[in-house]
Amino acid sequence: MKKLITSKVNLKTIILVSILFFVGLATRTFLHIGPNVEFVTAISVIGFVLIGTKAYLMFLPLAIIILSDLIIGNTIIYIFTWSGFIFTGLISFVLIKLVAKARSKLSYFSTIAPGVISVVVFYLWTNFGVVVTTMMYSKDIFGLLNSYINALPFLRNQFLTTFVALSIFWFAYSYLPKLNLANREHNVSPSN
């Protein structure tokens, strides 16, 4: 099969990254559905699956978050949310690259796993940030545990959004032949 994207930055790459960027930006600003219902994590994973393991894609989630925060505002917690989404990019980059090296087929699990791991890391990191940067919780292990317990609904929302978005993407990627998305430059093609 013909490769979707070559190793060079070309028009298809620019269009795809732009679409992913604007979908992420829209869902954090004017299409915002609810607390931690966001598609940035899924978009990070999708970018790596479709385009390949390009290092600049690690900054796609960060660019979405920075611009959307300029629009909707943020507090000192931005230090942790922004770095949390850098972790999302790094996790996606590393796991998709490992899959590409280890096997020639991208499975449902290897598409979902970076998203799930990223959501958990983001949850742990940003709630630690809430304890460190605000007066909402005591600055001890009890405050941290309380923060984690109180944030479980946010974790659920982010997890479900990421899981559903990546599942829909996987279906489209694997079963809609018109998309011609198989055989990416990192030689990962879908398998069931």
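Predicted model: local features only at pLDDT ≥ 70, side-chain atom pairs only at ≥ 80, totals over all residues.

Visitor: What makes Asp-69 and Arg-28 count as buried or exposed?
Guide: Asp-69 is buried, and Arg-28 is too. Residues are numbered from 1 along each chain as its sequence is written, and side-chain values use heavy atoms, with hydrogens and water left out.

Visitor: Why is the meeting of Asp-69 and Arg-28 called a salt bridge?
Guide: Their side chains come to 2.6 Å, N to O. A salt bridge needs a side-chain nitrogen of Lys or Arg within 4 Å of a carboxyl oxygen of Asp or Glu, so this pair qualifies. The count by this rule is one salt bridge. The pair links distant parts of the chain, with Asp-69 in helix H3 (residues 60-72) and Arg-28 in helix H1, 41 residues apart.

Visitor: How do you know what is a helix and what is a strand?
Guide: Both are DSSP runs numbered from the N terminus: helices are H or I with at least four residues, strands are E with at least two. Here that gives seven helices and two strands. Along the sequence, the pattern reads α-α-α-α-β-α-α-α-β.

Visitor: How many aromatic pairs are there?
Guide: There are ten aromatic pairs in the structure.

Visitor: Why is the pair of Phe-80 and Trp-125 called tilted?
Guide: Two values describe a pair of aromatic rings: the distance of the centres and the angle of the planes. For Phe-80 and Trp-125, these are 4.9 Å and 50 degrees. Rings of Phe, Tyr and Trp (its six-membered ring) pair if their centres lie within 6.5 Å; planes under 30 degrees apart are stacked, over 60 edge-to-face, and the rest tilted. So the distance makes Phe-80 and Trp-125 a pair, and the angle makes it tilted.

Visitor: What does that pair tie together?
Guide: Phe-80 sits in helix H4 (residues 78-102) and Trp-125 in helix H5 (residues 108-133), so the pair ties together parts 45 residues apart in sequence. Phe-80 has 8% relative accessibility and therefore counts as buried. Trp-125, with a relative accessible area of 28%, is partly exposed. Ring pairs also link Phe-80, Phe-87, Trp-125 and Phe-128 into a cluster.

Visitor: And what makes Phe-159 and Phe-163 stacked?
Guide: Their planes are 15 degrees apart, and their centres 5.9 Å. That angle falls under the stacked limit, so stacked is the label.

Visitor: Which residues form the nonpolar patch on the surface?
Guide: Tyr-108, Phe-159, Leu-160, Phe-163, Val-164 and Ile-168 form it, with about 510 Å² of accessible area together. Patches use residues with over 30% relative accessible area and no salt bridge; like charges are joined within 9 Å, and nonpolar side chains (Val, Leu, Ile, Met, Phe, Trp, Tyr) within 5 Å. The areas come from the Shrake-Rupley method with a 1.4 Å probe, and for residues only the protein chains shown count as cover. Helix H7 gives the most to the patch, with five residues.

Visitor: Why is Ser-167 called buried?
Guide: Its relative accessible area is 19%, which falls under the buried limit, so buried is the word. Ser-167 is in helix H7. Leaving aside neighbours within four places in sequence, Ser-167 is in contact (heavy atoms within 4.5 Å) with Tyr-108 and Ile-112.

Visitor: What about Thr-126, buried or exposed?
Guide: Thr-126 is buried, with a relative accessible area of 9%. Thr-126 lies in helix H5 and touches Ile-77, Phe-80 and Thr-81, not counting residues up to four places away in sequence.

Conventions:
Buried < 20%, exposed > 50% of the residue type's maximum accessible area, 1.4 Å probe, protein only.
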